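Dear colleague,

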Amino acid sequence: SFSTPTVPFRMKLRGKTKKNFDFERSSNNIVHPSHALLRVLYARQEFTVPIRGRELVIFFVYNTGATEVFDLKVKDSSKFNALVQRSAVRVYKNRSGFFFVYFSAKSTSGAADNVIVTATGRTSKVSVNHVFSLMVV
């Protein structure tokens with residue numbers, strides 16, 4: 001384990017293979033450290049949306065920074081409507097805040113689309129997002 005840097009960084013792994021050859025890999029992407037994390041906690045119907053129904057997805061925002069209010073947004077999708085139950089959530093230091101989003105289908109069975117959910121801190125302006133796929137059944 002290691003302490004997470006507070007500035008952007010790249011990952012580099014070094015080691016030995018099972019046959020004792022040197023091994024090294026470097027990431028092409030820069031990692032930007034953040035004090036917040038946004039993830040899906042629960043998807044009632046495994047990320048599928050019935051044509052005449054709706055799918056409940058529960059998210060959590062984990063915050064290691066100072067207590068903060070996070071504004072919540074779902075990017076418009078051509079295939080799904082999103083109803084966010086709360087437009088903001090207060091998350092205390094080293095705690096999680098939860099929010100619910102209901103998705104309903106705009107299109108026919110078999111259609112799928114990536115959905116982007118974003119939480120932005122009002123004070124720190126840190127922005128975290130989570131991308132996942134939904135499918136109409």
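A salt bridge, as the term is used here, is a side-chain nitrogen of Lys or Arg within 4 Å of a carboxyl oxygen of Asp or Glu. By that criterion Lys-12, Arg-14 and Glu-24 are linked in a network of salt bridges, and the search of the whole structure returns four salt bridges.

Before the details, please note that this is a predicted model, in which local features need pLDDT of at least 70 and side-chain atom pairs count only at pLDDT 80 or more, while totals for chains, interfaces and linings use all residues. Residues are numbered from 1 along each chain as its sequence is written, and side-chain values use heavy atoms, with hydrogens and water left out.

For accessibility, buried means under 20% relative accessible area, exposed means over 50%, and partly exposed lies in between (1.4 Å probe, protein chains only). Lys-12 is partly exposed at 46%, and Glu-24 is partly exposed at 41%.

A salt bridge also joins Asp-22 and Lys-16, with 2.6 Å from N to O. Here Asp-22 is exposed, with a relative accessible area of 65%, and Lys-16 is exposed as well, at 53%.

The salt bridge between the side chains of Asp-71 and Arg-122 is 2.9 Å, N to O. Asp-71 sits in strand β6 (residues 68-74), whereas Arg-122 is in the loop between β10 (112-121) and β11 (127-136), so the pair ties together parts that are 51 residues apart in sequence. Asp-71 is partly exposed at 27%, and Arg-122 is partly exposed at 45%.

Turning to the interior, a nonpolar core is a set of buried Ala, Val, Leu, Ile, Met, Phe, Trp, Tyr and Cys residues joined through side-chain atoms within 4.5 Å. The largest such core has 26 residues, and those with the most contacts inside it are Leu-38, Phe-59, Val-61, Phe-70, Phe-99, Phe-103 and Val-117. Two or more residues of this core come from each of β3 (36-43), β5 (54-63), β6, β8 (88-91), β9 (95-105), β10 and β11. If contact is taken as heavy atoms within 4.5 Å, and residues up to four places away in sequence are not counted, the partners of Val-117 include Leu-38, Phe-59, Phe-99 and Phe-132.

As for the sheet, two strands are said to pair if DSSP finds at least two bridges between them. An open sheet of five strands runs in the order β4-β11-β10-β6-β8, with mixed pairing. Because β4 (48-49) and β8 stand at the edges with a single partner strand each, one side of each is left without a neighbour in the sheet. The pairing of β4 with β11 is parallel, over two bridges, and Thr-48 stands opposite Met-135 in β11.

Lastly, Val-40 lies in strand β3 and is partly exposed, with a relative accessible area of 22%. Leaving aside neighbours within four places in sequence, Val-40 is in contact with residues including Phe-47, Val-57, Phe-59 and His-130.

With kind regards

How values were computed: Helices (H or I, at least four residues) and strands (E, at least two) are DSSP runs, numbered from the N terminus.
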